[in-house]
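Thanks, everyone, for making the time this morning. I would like to walk through two spots in one structure, and I will ask you to keep the view open while I talk.

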Amino acid sequence: MVTNKLICPRNTQNIAQLVVTTRPTRSYSVITDQLRAMGSIDSIDLYPGKSLKGRVPSSIKIALIRPLGSLAGEEEKEAVKEMGEPYQLELLASVLRSQGYPVRIFDQLASPYDPANPLNYPKTKSNTDFVAEISAFNPDVAGFSTFTYNFRKGLTLAGELKQKLGLPIIFGGYHPTSVGKQYLLFDRFSPQNPEAADVFKQDLRNIFQHGIVDYACIGEGIRVLPELLLVLRELEDPRAVSGISFMANGQLQISAADRVPLDNYPLPFRADDFDLMRHYATGRGYPFLLLMTSNGCRFSCEYCSTGSMNYPGLGYRSIPRVIDELRQIKEKFHGVWPNQKIMINIIDEDFASNPSRVIALCNAIEAAGLNKFFEFNSFLDNQRILGPFGHEILDAMHRAGFVFCFIGIESMLDSALDGYNRPDRFENRLQSVQAAIDRMAEHQLLYFGDHITGYPLHTPADLREDYQRLLQLRRMHYTYFPILAPMPGTPLYWRVLFGMLGDGFLPGVTYDHLDANHQVLALQGRGDVKPIRDFFVQRFFSRPEYELDADQAISRNPFLAQFFARMLPKVSADYPNNEVIQKLSKKFQS
């Protein structure tokens with residue numbers, strides 16, 4: 001049974017239709033087998049789960065769980081390097097607690113940041129220890145929040161819990177949402193080409209392998225989970241709940257859900273034992289909290305599921321609700337925060353989508369005096385920075401206490417952006433990005449780049465040229481250097497699988513590798529991405545211009561000295577044999 005009222009952008013639907021009408025370079029069955037292997041785990045013996053029939057909420061203990069790391073356990077530090085608090089689980093816990101359910105959040109991060117060893121990343125708990133910790137709570141229901149890269153690990157943990165406790169398992173988060181909506185989209189094209197459409201249903205089927213997961217949440221959990229729990233308590237038909245998927249008599253059941261207005265979201269629940277240096281210092285002595293003021297995106301870039309599938313269009317929280325949450329954070333953490341101001345990461349994918357709202361929000365933060373207690377960062381885009389409202393937006397952000405913003409450069413080569421529906425196309429990309437950096441600097445804001453490498457059809461020479469152009473930029477003091485990972489639920493994923501962009505995924509790639517730190521696509525002419533990336537990351541920080549720009553930035557704004565003192569030691573720990581970076585790190589710590 002499929003209840004399909006999925007909403008997604010026209011260009012995403014057009015690409016899906018193009019894919020199902022294009023003959024792939026491999027047979028449909030071969031692609032389906034590859035997807036099954038990418039998401040598979042070993043089987044496990046289970047016994048029937050607990051029943052919630054007739055039970056009141058106060059008697060149903062709920063464990064909300066965030067697994068970390070991959071099933072393979074490779075490069076564990078990447079799993080926690082930029083990890084923030086489990087914000088979505090905190091929102092869900094708040095709703096469930098308001099209805100009387102005893103709730104506890106379990107996070108696989110093992111230990112807090114250690115001030116005595118500031119360059120060490122926190123460790124993740126072993127599966128054995130993590131399962132034992134959750135089992136001691138003796139939950140009646142377990143809800144998992146997973147990304148694609150940690151789905152297999154989460155499923156393995158869920159299997160061990162179900163084997164031990166026999167409890168219902170519910171999966172939510174980025175991965176179930178993306179593959180659920182992907183299923184719904186391609187189900188529409190089944191009449192045109194059922195074999196092709198069926199390929200893209202395999203990712204959702206992977207969630208239900210071995211009977212571990214009872215329900216997958218593909219809508220927003222704050223609405224879906226309370227409704228589902230009510231149905232389970234009253235033994236009603238779960239098909240009455242919108243936004244879930246489950247198996248019934250061997251058949252997959254799925255339905256879409258309406259979007260939840262953001263003002264219906266609660267304030268997040270942070271327990272009394274919330275550990276500041278665990279949530280989360282990421283090995284830099286610099287904890288931060290998360291805040292959402294909007295969701296969705298104006299754009300529908302083909303390598304991102306936010307605008308193309310998960311949250312097309314835009315939703316906003318009212319400014320008073322945002323101010324309420326900031327006041328709540330201030331009351332709870334001011335005076336115990338280890339730094340002078342509380343750092344807030346605004347997680348909106350498209351923070352500046354509405355310029356007048358951004359300006360009004362920043363003015364409200366300043367008017368409430370909250371800029372004395374907080375420093376903020378967010379995402380911006382070059383179009384807004386350089387647009388007609390650019391100066392006004394940046395001025396308001398600076399007065400509100402913003403320090404830096406991440407901007408999606410994606411690539412310095414226009415050819416890398418051809419065909420991906422990327423919006424910020426400039427006649428002279430290098431000149432335009434530099435102009436955006438300079439405009440932010442005028443307002444004492446730091447421009448942090450987000451630069452993707454490893455695009456399909458690129459050669460090693462293309463990668464080097466892209467990085468060389470990036471190194472010409474001045475006054476960009478930090479850049480994130482991910483490797484392109486086509487994710488389920490994105491048009492790029494569909495085109496890669498069908499051989500429309502290169503030769504598809506490299507052999508042996510699993511969901512674990514879709515973490516932006518592994519090369520999963522072959523370059524044209526072959527070659528490894530990581531050595532090229534690592535070489536230019538070191539060049540980025542060790543070039544003479546970097547030190548000169550840092551010195552000048554600190555002379556204009558002495559506050560920035562603490563940023564370099566915290567950030568560069570972490571870079572130096574990643575590249576211990578680079579003498580220039582080591583020397584630079586010591587200089588800014590002194």
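Contact, in what follows, means heavy atoms within 4.5 Å, and please keep in mind that this is a predicted model.

With that cut-off, and leaving aside residues up to four places away in sequence, D203 touches L35, V179, Q182, P488, Y493 and Y511. D203 itself lies in helix α9, which covers residues 202-207.

Strand β2 spans residues 62-66, and because five of its five residues are buried, the strand is largely enclosed by the rest of the structure. In a regular strand the side chains alternate between the two faces of the sheet. Here both faces are covered, with I62, L64 and R66 buried on one side and A63 and I65 buried on the other.

As for the partners of β2, the strand pairs in the parallel sense with β3, residues 103-107, over five bridges, and within that pairing A63 stands opposite R104. Strand β4, residues 141-145, also runs parallel to β2 and is joined to it by four bridges, with L64 standing opposite G143.

How values were computed: Residues are numbered from 1 along each chain as its sequence is written. This is a predicted model: local features need pLDDT of at least 70, side-chain atom pairs count only at pLDDT 80 or more; totals for chains, interfaces and linings use all residues. Side-chain values use heavy atoms; hydrogens and water are left out. Buried means under 20% relative accessible area, exposed over 50%, partly exposed in between (1.4 Å probe, protein chains only). Helices (H or I, at least four residues) and strands (E, at least two) are DSSP runs, numbered from the N terminus. Two strands pair if DSSP finds at least two bridges between them.
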